[in-house]
Amino acid sequence: MRFTPASIALAALLTTVSSAGLSQRPDAQISALSVEWQHAGTAARKAGNYQAATDALETALAVDPRNRSAYIELAQVARAQGLQGKAIRLYREALLLDPTDVGALVGQGEAMVEKGAIAKAKENLAQAQSVCKTDCAVVGKLAAAIEKGPPATVLSAKDGVAVPKAVATETP
């Protein structure tokens, strides 16, 4: 009778530990529903409907947060909208899942160039060159983007500099 509480606790522990391994999917297996939402988002991005693409891709990530391709696709949508900072963060999320993804490294590097962070983009280029073993044309594309530099910002006459108004002061 003295060992009954201990044996019950041990049996419960073993049951819990052994059943936890049965319910988990391998990391390489992405939910089919997530992949379907990702394809819908890709189609919407290609059609130019960025809001629908964002909604579909965020749904894909809500279904399965390990869908690295959805992060990359969402980053491409952000870049198309001119949101380079958001794109860099999304590429970072994809790289957390697979640090050797050349497409994510190059995309993040290009977004950094567009934002003006050339030094960080060069770090991505070096990392992509060390990882890339076959078909390294995308790495060359990043090198060309770095060589070209960030896009120039053009100011029009409408973007004139605002002159601060002088505040009238009281004299005592």
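Guide: Let's begin with helix 2 and helix 3, where helix 2 passes helix 3 in a left-handed crossing. This is a predicted model, so please read every value here as computed from it. Helix 2 covers residues 32–46 and helix 3 covers residues 50–63; their axes come within 8 Å and cross at roughly 165°. Because of that angle, helix 2 is roughly antiparallel to helix 3.

Now look at the side chains that make this contact. Helix 2 contributes Leu-33, Ser-34, Trp-37, Gln-38, Ala-40, Gly-41, Ala-44 and Arg-45. From helix 3 come Tyr-50, Ala-52, Ala-53, Ala-56, Leu-57, Thr-59, Ala-60 and Val-63. Sorted by class, the residues of this contact are eleven nonpolar, four polar and one charged.

Helix 7 spans residues 118–131, helix 8 spans residues 137–148, and the two pack at an angle of about 160° with their axes 10 Å apart. It follows that helix 7 is roughly antiparallel to helix 8. Here too the crossing is described as left-handed, with helix 7 passing helix 8. On the helix 7 side, the contact is made by Ile-118, Ala-121, Lys-122, Asn-124, Leu-125, Ala-128 and Gln-129. Val-139, Leu-142, Ala-143 and Ile-146 meet them from helix 8. By class, this contact has eight nonpolar, two polar and one charged residues.

Ala-126 belongs to helix 7, and its relative accessible area of 43% makes Ala-126 partly exposed. Ala-126 is 17 residues from Ala-143 in sequence, and their C-alpha atoms are 9.6 Å apart.

Next, have a look at the cysteines. The structure holds one disulfide, and this bond joins Cys-132 to Cys-136 with an S to S distance of 1.9 Å. The torsion about the S-S bond of Cys-132 and Cys-136 is about -110°, so the disulfide is left-handed. Cys-132 counts as buried because its relative accessibility is 12%, whereas Cys-136, at 35%, counts as partly exposed.

Finally, step back to the whole chain. The protein chain has eight helices and zero strands, so from the N terminus on its elements run α-α-α-α-α-α-α-α. Of its 172 residues, 30% count as buried. Among the contacts in the protein chain with a separation of 6 or more, 50% come from residues 24 or more positions apart.

Terms used. Residues are numbered from 1 along each chain as its sequence is written. This is a predicted model: local features need pLDDT of at least 70, side-chain atom pairs count only at pLDDT 80 or more; totals for chains, interfaces and linings use all residues. Side-chain values use heavy atoms; hydrogens and water are left out. A disulfide is a pair of cysteine sulfur atoms within 2.5 Å. Buried means under 20% relative accessible area, exposed over 50%, partly exposed in between (1.4 Å probe, protein chains only). Axes are lines fitted to C-alpha atoms, for helices over the stretch in contact, and angles run from 0 to 180 degrees between N-to-C directions. Helices (H or I, at least four residues) and strands (E, at least two) are DSSP runs, numbered from the N terminus. Angles under 35 degrees count as roughly parallel, over 145 as roughly antiparallel, 65 to 115 as roughly perpendicular and the rest as oblique. A crossing is left-handed if the near helix is turned anticlockwise from the far one by less than a right angle, and right-handed if clockwise. Contact means heavy atoms within 4.5 Å. Ala, Val, Leu, Ile, Met, Phe, Trp, Tyr, Cys and Pro count as nonpolar, Asp, Glu, Lys and Arg as charged, and the others, Gly among them, as polar.
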